[in-house]
Amino acid sequence: MRCSVLTDEQIAAIHEASLRILGEVGVHLPHDEALGLLGDAGARIDRDAQRAWLPTDVVDQALQSAGKQFTLYGRDESKIAPFGVGQRNYNSIAGEAHWLDQPGGPRRPATLRDVATAALFGDALDQMTMVGAMADPSDVPPQVACVEVMAQMLRNTTRPLQLWYHDRASTRYLVEMMIAVRGSERAAAQRPLWYPCLEPISPLRFPFDGVDLLFETARLNLPVPIGPMAQMGLSAPMGLAGTMAQENAEILAGICITQVIREGMPVCYGGICHAFDMGTTQLIFSGPEQAIFGVAMTQMGKSYGLPVYINVGLPVYINVGLTDSKRPDAQAGLEVAATMMLGAGAGADVLGHMGIAGVDQAASLDMLVLQNEAISYVESACRELDFSADAFGFDEIAEAASGDSFIGTEHTARRFRDELWFPSLLDREFYDAWRDAGALSTEQRIAARKSEILATHEPEPMPDDISAAVDQIVAAARRELVR
């Protein structure tokens, strides 16, 4: 199943518009070292204005040199998230400021304990290939928060991880933690556990810390998803084409920055532009515009490939499978499934961030349960079809031609588990059976599933030596970063 909204001519038009933006308008980059490296690579820079103009040949060279395939490995190295090879990955959100214990209930500031809960929960959900922290904790100093978060995540899941980085100083401890888990710097570089996200600030600006910390992660050549969030009508033009051209320009500029820091650094194209709702004055997470953006930006990312990989482009990260609803209700089900199906059909490599109630209103485990079920549904719909002789079942058709049913055949018994998708959450019962079981709504079944996971799931513990090393790194970060 493949989805597209852009023609080849439209992809080329967006690319050309992006090159014009980078060459004539440029980007704001308040980082002297990065500006100097871009200047050495052929960009026109103005240090006083902290601005860089990127000619086409600089962009082309960056696209040529950028790594286009990589894999994240969990603490358990058999649990992987490959990028650029045609496999879809799903992750829970890297962190929200608020936490929602019950749909419709009060929000509260997220805590470090919530990070541990989120990691354990993501560890239990079968469709989450990458586990996000979900909470941006308010009860630890910001200078050391990412280090504390990573330690909690390592203890509570064995899967690849996602979290928000803070700055270069704290990133050094994250790098040391990855080395401690893997046992050596070389092993940490070969089997990365997580990656830093570079998020340009639309329109056409880059944050100092987001760029600065890449000089630290370059030590391990960690992959870098580049994901601005241009909002049509607010931080981007009021037009789908213009928003995509600006977002694409911001991503291309980010790729140029990564490649002058370390040539060959793997990147992921984060096509996560959105629309701005003129009625509510809020970003739109899951309108039809988002479905279009998701498919179109996947096409753009996939269009940037090395010549020797003629149809293989950059791995693509898009924001689909989200919802504007604040609870896992009918609206959430519609919006999550519709956008997720289109994003998966377009060929995105990673779809996220899951577990958000509304537009960054709070982290919600209930929402994550709903999205996990939707992912299972979408993955089944995107399965590779079996066209073997056995799948056609000619002999069974011939035998049943006299009016017999297929229900009791060995062919059906042998194949039905592979040919059918079975929900773990959605309802398919007869009416009376459903009513006798309590006539539960989807939200009620979600709540029950959440409670079951929290009560029963036990993540695999870290080995004692690694746990001790992580403790030492966290303690050193506290001493040196918190003044």
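**Close-up views of a predicted model**

**View A. Met297 in helix H11.** Met297 lies within helix H11, which spans residues 288–303, where helices (H or I, at least four residues) and strands (E, at least two) are DSSP runs numbered from the N terminus. The model is predicted, so local features need pLDDT of at least 70 and side-chain atom pairs count only at pLDDT 80 or more, while totals for chains, interfaces and linings use all residues. Residues are numbered from 1 along each chain as its sequence is written, and side-chain values use heavy atoms, with hydrogens and water left out. Met297 has a relative accessible area of 0%, so this residue is buried, a word that stands for under 20% relative accessible area, with exposed meaning over 50% and partly exposed in between (1.4 Å probe, protein chains only). When neighbours within four places in sequence are left aside, Met297 is in contact with Met244, Glu247, Asn248, Ile251, Tyr269, Gly271, Cys273 and Val316, contact being defined as heavy atoms within 4.5 Å. From Met297 to Val140 there are 157 residues in sequence and 37 Å in space, C-alpha to C-alpha.

**View B. The packing of helices H10 and H11.** Two packed helices are described by the angle between their axes and the distance between the axes. Helix H10 (residues 240–261) packs with H11 at an angle of about 45°, and their axes are 11 Å apart; axes are lines fitted to C-alpha atoms, for helices over the stretch in contact, and angles run from 0 to 180 degrees between N-to-C directions. H10 and H11 are therefore oblique to each other, since angles under 35 degrees count as roughly parallel, over 145 as roughly antiparallel, 65 to 115 as roughly perpendicular and the rest as oblique. Their crossing is right-handed, which is the word used if the near helix is turned clockwise from the far one by less than a right angle, anticlockwise being left-handed. On the H10 side the contact is made by Leu240, Thr243, Met244, Glu247, Asn248 and Ile251, and on the H11 side by Glu289, Ile292, Phe293, Ala296, Met297 and Met300.

View C. Thr243 belongs to helix H10 and is buried, because its relative accessible area is 0%. Apart from neighbours within four places in sequence, the residues in contact with Thr243 are Ala230, Met232, Ala236, Pro237, Cys273, His274 and Phe293.

**View D. The packing of helices H5 and H6.** The axes of helix H5 (residues 145–156) and helix H6 (residues 168–182) come within 9 Å and cross at roughly 20°. That angle is why H5 counts as roughly parallel to H6. As for handedness, the crossing of H5 and H6 is right-handed. Cys146, Val147, Met150, Ala151 and Leu154 of H5 make the contact with Ser170, Tyr173, Leu174, Met177 and Val181 of H6.

**View E. Aromatic rings around Phe70 and Tyr195.** A search of the whole structure finds 8 aromatic pairs, a pair being rings of Phe, Tyr and Trp (its six-membered ring) with centres within 6.5 Å, and planes under 30 degrees apart count as stacked, over 60 as edge-to-face and the rest as tilted. The ring centres of Phe70 and Tyr195 are 6.3 Å apart and the planes stand at 75°, so this pair is edge-to-face. The two residues are 125 residues apart and link distant parts of the chain, with Phe70 in strand S4 (residues 70–73) and Tyr195 in the loop between helix H7 (185–190) and helix H8 (208–212). Both Phe70 and Tyr195 are buried, and together with Phe83 they form one aromatic cluster.

**View F. Arginines over aromatic rings.** Arg44 lies over the face of Trp53, 4.0 Å from the ring centre, and the charged end of Arg172 sits over the ring of Tyr173, at 4.7 Å from its centre. A charge is said to sit over a ring if NZ of Lys or CZ of Arg is within 6 Å of the ring centre and within 35 degrees of the ring normal.

View G. Ser202 and Pro203 are joined by a cis peptide bond with omega about 0°, and Pro203 is found in the loop between H7 and H8. The peptide bond from Gly352 to His353 is also cis, with omega near 5°, and His353 belongs to strand S17 (residues 350–354). Although Met134 is not a glycine, it has a positive phi of about 65°; Met134 lies in the loop between strand S9 (131–132) and H5.
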